[in-house]
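Have your viewer ready and try each task before you read its solution.

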Amino acid sequence: MEGTESTSGTAPSRFKKIGNAISDFFLMLYRIYAFVIRFFKEVFLPPYEFKEVVRQCYETGVRSFTLITLTGFIIGVIFTKQSRPSLTEFGATSWLPSLVSIAIMKALAPLVTALIAAGKVGSSIGAELGSMRVTEQIDAMEVSGTKPFKFLVCTRVIATTFTIPLLATYVALIALFGGYLNIAQNEGTSYATFIEQAFEPITFVDIWASLAKAVVFGFTIGIVGCYQGYNSTKGTEGVGKAANGAVVTAMFIVFIEEVLIVQIAGWFR
């Protein structure tokens with residue numbers, strides 16, 4: 001009898017926990033929705049923080065320049081080296097420039113750039129805004145009459161949205177240059193021949209799809225990092241969780257967006 005009573009007593013508590021988890025999940029979705037809608041409402045209203053946007057573009061783009069350059073070059077070299085043996089088996093090494101350009105332009109450049117930015121820029125935004133939240137600097141800005149959401153959130157999201165496509169384009173060019181050096185060293189292909197073969201299979205749909213990916217990825221990284229940092233709690237522990245949550249969540253959403261955009265782009269081909 002005692003075992004039956006304890007079992008029946010724990011059943012309602014389990015249902016209660018499940019119900020609380022579901023309600024917390026939908027509450028979180030509503031908060032994210034409200035945060036995004038607030039961004040689109042305030043981004044078009046004055047005052048316009050142009051200086052802060054430029055500063056955030058510098059923090060996002062220029063300070064990531066070295067890491068992006070090294071990563072892009074290594075991607076081009078490594079992908080070319082790994083693709084050569086497979087094409088050699090079929091006697092199709094002449095297709096190597098086309099294969100490298102298709103892989104880099106369509107997928108690798110925007111995706112790798114987004115993942116690097118999520119790790120470097122997203123975590124930085126989450127930690128910075130999180131520390132400002134837990135030290136009550138954001139509350140002080142609200143009391144002083146400053147609009148912290150526009151100054152802190154809108155500027156960073158705009159910066160990532162515009163900067164990530166530029167970085168992705170740069171990564172594509174650097175990766176193609178790395179692939180060219182490897183191909184020229186092994187096959188003796190001239191630069192003009194490489195450029196002709198590399199861009200022949202690329203269409204305007206591919207270019208626009210790649211740019212669309214980069215824009216969406218940039219917006220995602222910015223809005224996720226700002227959301228995690230702007231709503232962080234629990235002191236220094238919350239700052240760490242905000243930085244970690246910004247990276248993990250942004251990467252997860254980026255992969256989902258990659259699948260969706262590839263599917264949508266396929267309808268226009």
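**Exercise 1.** Find the handedness of the crossing of H4 and H7, then work out which residues make the contact.

*Solution.* Helices here are DSSP runs of H or I with at least four residues, numbered from the N terminus. On the H4 side, the contact uses Pro97, Ser98 and Ser101, and on the H7 side Phe194, Gln197 and Ala198; contact means heavy atoms within 4.5 Å. Sorted by class, these residues give 3 nonpolar, 3 polar and no charged (Ala, Val, Leu, Ile, Met, Phe, Trp, Tyr, Cys and Pro count as nonpolar, Asp, Glu, Lys and Arg as charged, the others, Gly among them, as polar).

A word on the source: this is a predicted model, where local features need pLDDT of at least 70 and side-chain atom pairs pLDDT 80 or more, while totals for chains, interfaces and linings use all residues. Residues are numbered from 1 along each chain as its sequence is written, and side-chain values use heavy atoms, with hydrogens and water left out.

**Exercise 2.** Describe how H8 and H9 pack.

*Solution.* Start with the geometry: H8 (residues 204-230) and H9 (residues 235-267) have axes 9 Å apart, at an angle of about 155° (axes are lines fitted to C-alpha atoms over the stretch in contact, with angles from 0 to 180 degrees between N-to-C directions). H8 is therefore roughly antiparallel to H9, the term for angles over 145 degrees. Next, the handedness: this crossing of H8 and H9 is right-handed. Finally, the residues: Val216, Phe217 and Ile221 are among those of H8 that meet H9, whose partners include Ile253, Val254 and Ile261. By class, the contact of H8 with H9 has 15 nonpolar, 6 polar and 3 charged residues.

**Exercise 3.** What is the volume of the largest pocket, and which residues lie nearest its centre?

*Solution.* The volume is about 710 Å³, counted as the space filled by probe spheres set on grid points joined across faces, edges and corners. A pocket is an open set of points on a 1 Å grid over the protein atoms alone, for a 1.4 Å probe, with protein on both sides within 12 Å along at least five of seven lines; lining residues have an atom within 4 Å of a point. Of the 24 lining residues, Met28, Ile32, Tyr227, Gln228 and Asn231 lie nearest the centre. H1 (2-42), H8 and H9 each supply at least two lining residues. The lining has 12 nonpolar, 7 polar and 5 charged residues.

Conventions: A crossing is left-handed if the near helix is turned anticlockwise from the far one by less than a right angle, and right-handed if clockwise. Angles under 35 degrees count as roughly parallel, over 145 as roughly antiparallel, 65 to 115 as roughly perpendicular and the rest as oblique.
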